[in-house]
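Hi there,

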Amino acid sequence: MQKLGLGQAVNQALREEMHRDPNVFIAGEGVGVGIHDNPVFPTFGLLEAFGPERVKDTPVSEAAIAGLAVGAAEAGLRPVIEIMFNPFFTLASDMIVNHAAKLRYLSGGKSSFPLVVRIKSGAGFGAGCQHSHNLEAWAAHCPGLKVVMPATSADAKGLLKSAIRDDNPVIFIEHMGLYFAEMPVPEDDYLIPLGKAEIKRPGKDLTVVTWSGMLGVAMKAAEKLSQENIETEIVDLRTLTPLDKDTILASVKKTGRLIVLHEATRTGGFGGEIAAVVMEQGFKYLKAPLRRVTGPDIPVPASPPLEKFFIPDEDNLIQAAREIL
Amino acid sequence: MEVSEKKKKEMLWTMILSRKFSDSLVVLCKTEGKIPGMMILSTGQEAVGSGVCAALEFDDVIITNHRSHHHLLAKGADPEKIMAEIYCKQTGCNKGKSGTLHLAVPEINAPCTSTVVGGSLPIAVGRAFAQQYRKETAVTVCFFGDGAADEGSFHEALNLASLWQLPVVFVCENNVYAGAQRYDAHTRVKDVAERAKSYGMPGVIVDGNHAPAVYAATLKARQRALDGGGPTLMECKTYRLRGHGESDPQHYQPKDEIKAWQGKNPISRLGKELVESGVITAAELQEMESKAKDIVAEAVRFAEESPFPEARDALEDLYA
Ligand SMILES: Cc1ncc(C[n+]2csc(CCOP(=O)(O)OP(=O)(O)O)c2C)c(N)n1
């Protein structure tokens, strides 16, 4: 099987969907000619393959890029726009939050907005907090949006293809750390449904619910815990909204213990939502209080030791596991 | 306008210092394990920082963007503190919280830097509002690139600043590129300065590779702001000699274009002018160069010998 970084898997999904459907086009800052000349990046080579009619380099104008997607989607095109770094979502957010998410509802179900907002995200680059800020919980708080955060290259390909074919606005968040990790990706045209979590590792003692870049941390911690005969079940959410409550609750029912792990900061983070769902619908399964392992409530600092402190690691997860086992 | 010899020497000096600073970072940022993050340099644009800041008084404020090193050094930032911050060390001007991209030096009235394109403009409006409100004899200068003029924040900020006649000078560094996009690939407006018309303020085009020209234009805009005449949009035409950042291979920048602009180097240009007109001797110019080199070397040494912050320092400084 081919091995691809997550960005390359995104690239493959974009190519396949653009070949399949002439309504699909991409737009964003540097999606055609960029300041990187590196095949690990998601839009590499698309301008050459599809030409400037379908690969639209835009000015530095996030509000206009997002509005372009909203308007074009209403007309039946399928825009896939790129936000260069997650914090710049705020500049696009009026069009996404107040418009993309609401206009179908406001039309009484008559109009639809099949668009995808690809966002590059994640800490770990020493770039500091105006480039690293995980805002998935903001997007998930907007009814009308779907929020997808793949953790593997194979998932990224199948999920992005589903997102492009979905008739709703989808926020598709890519952790840039995963661009540099080669992972197996099936060559064929496959879809992974939005709203379905996946058990990435089965276990009986403890459930860890996670997504995006934190899957790797969960897998490493599970490996270590396994040496002590503690078997961790890892639920990779893949889609935050709609949320696959069934998979989470089934896992908690099986293990009786839950940790939610995410890189984003704690207060108001999506981990709180999962905790609430489990308290409401799975309280009786819990043998111990649940735990959240998250980034601390600070902006992502630039300095390496500070940034390392910010990003949750295996030791943080193992410590939380010991507290509830 | 006649620019004094003293001012010319001052501008030459801060330009030389900026260039030595950038030149050392070109090498250091590629040295494994030394400097984390992106490295965005102002090589070739020194005349803008130096010309503008030479026209300012200490109390005047600058608000800058991701390409800030030449602005801050010209405003009088301590090279050691800046370098240590670029190294993300505890002794850096922001204790490693910022790194190279968001250097904040309030002690020289450069209180914040926004790496969000266009982010500096509305903040400058607010800073200038405070100066007007308190009837201060001071102005705010906002630095931004040509790309930022395509953001909504640019337009909202200019309109409000003009409406309220705030003491702000908007300094656009048109370095021909915004990321990989040439100027004419991101807007059909011929000059950024032309946009001033839409907001009822003067728009002036300045040779951004000639520090005395930048200085003279800034003085005029500053005086106008102090006199209650409101904001000015200054467009400094210059060129980004290096890539957007140091990892940018510049494959979209024509080689002969880079070469042509290297010939318009603002530092050798002013240096030559001053030597030829007898303001300084060739030996004095050499001395300035070697002094700047020493200062930068000392700043690098300071940064390298400084400790990193402790992990738990990450939790400090969030709330006042
Ligand atoms: C809101 C926002 N969008 C995108 C970026 C990424 N980005 C950083 S600099 C830059 C180009 C800016 O060009 P310009 O304003 O002309 O300044 P220059 O880099 O040429 O100095 C872009 C797109 C950003 N930092 N902020």
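This is a predicted model: local features need pLDDT of at least 70, side-chain atom pairs count only at pLDDT 80 or more; totals for chains, interfaces and linings use all residues.

**The ligand**

Where does the ligand lie? You will find it between chains A and B. There are 21 residues around it, and those that come nearest are A:Glu62, B:His66, B:Arg67, B:Thr115 and B:Gly147. Sorted by class, the shell consists of 9 nonpolar, 7 polar and 5 charged residues.

From chain A, a polar side-chain atom of A:Glu62 is 2.5 Å from a ligand nitrogen. From chain B, the backbone takes part: an N or O backbone atom of B:Gly147 lies 2.8 Å from an oxygen atom of the ligand, and a polar backbone atom of B:Ala148 is 3.2 Å from a ligand oxygen. On its own the ligand has 580 Å² of accessible area, and the protein covers 96% of that.

**Chain B**

In chain B, 5 strands make an open sheet with parallel pairing, in the order S1-S2-S3-S7-S6. Strands S1 (61–63) and S6 (203–207) of chain B are at the edges with a single partner strand each, so one side of each has no neighbour in the sheet. From one strand to the next, the twist averages 25°.

S1(B) runs parallel to strand S2 (residues 140–145) of chain B, and 3 bridges join the two. Across this pair, B:Ile63 stands opposite B:Cys142 in S2(B).

Helix H6 (residues 152–163) of chain B lies across S2, S3 (168–174) and S7 (232–237) of that chain, at about 150° to S3(B). Helix H8 (residues 211–226) of chain B also packs on the sheet, where it touches S3, S6 and S7 of chain B, and its direction makes about 175° with that of S7(B).

**Chain A**

How many strands does the open sheet in chain A have, and in which order? It has 7 strands, in the order S3-S2-S4-S5-S7-S6-S12, and the pairing is mixed. Its edge strands, S3 (55–57) and S12 (239–241) of chain A, each pair on one side only. Here the twist averages 20° from one strand to the next.

Within this sheet, strand S2 (residues 24–28) of chain A runs parallel to strand S4 (residues 78–83) of chain A, with 5 bridges joining them. A:Phe25 stands opposite A:Pro79 in S4(A).

Best wishes

Technical notes:
Residues are numbered from 1 along each chain as its sequence is written. Chains are lettered from A and ligands numbered from 1 in the order in which they are written. Side-chain values use heavy atoms; hydrogens and water are left out. A residue is near a molecule or strand if one of its heavy atoms lies within 4 Å of it. A polar contact is a pair of N or O atoms within 3.5 Å; within protein, one must be able to donate a hydrogen and the other to accept it, and residues adjacent in sequence count only if both atoms are side-chain atoms. Accessible areas come from the Shrake-Rupley method with a 1.4 Å probe; for residues, only the protein chains shown count as cover. Ala, Val, Leu, Ile, Met, Phe, Trp, Tyr, Cys and Pro count as nonpolar, Asp, Glu, Lys and Arg as charged, and the others, Gly among them, as polar. Two strands pair if DSSP finds at least two bridges between them. Helices (H or I, at least four residues) and strands (E, at least two) are DSSP runs, numbered from the N terminus. Axes are lines fitted to C-alpha atoms, for helices over the stretch in contact, and angles run from 0 to 180 degrees between N-to-C directions. Contact means heavy atoms within 4.5 Å.
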